[in-house]
Amino acid sequence: MTERKTLRTKTYVLLAMMVVFGPSGDVLLSRGMKQLGGLHVWSFDGILHFFMRAFTSGSVWLGIAALLLFFISYLLVLSWADFSYVSPASALGYVLVALMGYFFLGEHVPPVRWLGIALICVGVFLVGGTHPDTRQSG
Amino acid sequence: MTLRTALFIGIIVVAGQGGDISLSMAMKQMGEVKSFTPRNLARTLGRSFQIGWMWLGIGLMAVGFFSLLALLSWANVSLVVPATASSYIVGAMGAQFLLGERVDKMRWIGVLIVCVGVAIVCAA
């Protein structure tokens, strides 16, 4: 029983890391690339120079670090948890992005998107009610 | 939707989920990670890259990613991204038949609801 509880706890912790680091990485990368401006010169030198500049951006590095942490968390949780459990549960990232946009950036979230967010929460709640590792659930 | 668009959406979904399932296969071969010290994590992740499934997974994910880039060059993102929400269903089917996971009724209902929710969020 305790082992089951430990398994659930570490699954939740790593899923939370995935949900936070995945979307954060995307947002940071996007911000960093937008700060650079568009890629206008499509020659080899132009593209090389663009990417060299990208790697001087703090946001790009933070984005890469966040995505790396996301990937590590994903691999670790897959070492014991079902893929059919982890994959839908990680959709909570969409919810986090919408809530962050609404509360911190003052973005307008249309009612249809709230409906989608509510459905994701219900779906994740149902998946979360099953055992993370069906090979151990008896 | 043209046949070419439908074909590319299929490739993105199947290659992407195939990649994830291959990664899952590799990590299951590694066994449950129980120690979270930096040294053990580095050793575990290092060893995981010696497993063929890991490289197959990365290769399939790259196929999915570049197919997405190609598709976005002619199709609208408002069609492409919600359509790829079907990945959750394909992933659950793959998990059941390829990884031998027991996807019960409750989990299936949850997966379907998440799939609809993600499609709505992406389309809205």
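Which residues does Val60(A) touch, not counting residues up to four places away in sequence? I will come back to that after the overall layout.

What we have is a predicted model, in which local features need pLDDT of at least 70 and side-chain atom pairs count only at pLDDT 80 or more, while totals for chains, interfaces and linings use all residues. Residues are numbered from 1 along each chain as its sequence is written, and chains are lettered from A and ligands numbered from 1 in the order in which they are written.

Confidence next. pLDDT is the predictor's confidence in each residue, from 0 to 100. The average for chain B is 92, and 100% of its residues score at least 70. For the complex, the predictor gives an ipTM of 0.90 and a pTM of 0.87.

Now chain A. It has 6 helices and 0 strands, where helices (H or I, at least four residues) and strands (E, at least two) are DSSP runs, numbered from the N terminus. The order from the N terminus is α-α-α-α-α-α. Its radius of gyration is 19 Å, well over the 14 Å from the globule rule for 138 residues, so chain A is more spread out than a compact globule. That radius is taken over C-alpha atoms, and the rule is 2.2 Å times the number of residues to the power 0.38. Along the principal axes, the C-alpha atoms of chain A fill a box of roughly 60 × 35 × 20 Å.

Of the 138 residues in chain A, 38% are buried. A residue is buried if 20 or more other C-beta atoms lie within 10 Å of its own, exposed if 12 or fewer, and partly exposed in between, with C-beta atoms placed from the backbone. Contacts are C-beta pairs within 7 Å, again placed from the backbone. In chain A, 79% of the contacts between residues at least 6 apart in sequence join residues at least 24 apart.

Chain B also has its counts: 6 helices and 0 strands, with a C-alpha trace spanning about 50 × 35 × 25 Å along its principal axes. Buried residues are 39% of its 124.

Back to the opening question. Val60(A) lies in helix H3 (residues 58–78) of chain A. Beyond four places in sequence, Val60(A) touches Leu29(A), Gly32(A), Met33(A), Ala54(A) and Phe55(A). Gly32(A) is 28 residues away along the chain, with a C-alpha separation of 5.0 Å from Val60(A). Val60(A) counts as buried because 21 other C-beta atoms lie within 10 Å.

On to the interface. The contact takes 30 residues from chain A and 35 residues from chain B. On the chain B side, helix H1 (3–30), helix H2 (38–48), helix H5 (87–97) and helix H6 (105–123) each supply at least two residues. H6(B) gives the most, with 12 residues. By class, that side has 21 nonpolar, 7 polar and 7 charged residues. Here Ala, Val, Leu, Ile, Met, Phe, Trp, Tyr, Cys and Pro count as nonpolar, Asp, Glu, Lys and Arg as charged, and the others, Gly among them, as polar.

Last, the core. A nonpolar core is a set of buried Ala, Val, Leu, Ile, Met, Phe, Trp, Tyr and Cys residues joined through C-beta atoms within 7 Å. The largest one has 59 residues, and those with the most contacts inside it include Val77(A), Val86(A) and Val118(B). H1(B) provides the largest share of this core, 9 residues. Outside four places in sequence, Val77(A) is in contact with Thr11(A), Leu14(A), Leu15(A) and Val86(A).

Notes. Contact = placed C-beta atoms within 7 Å.
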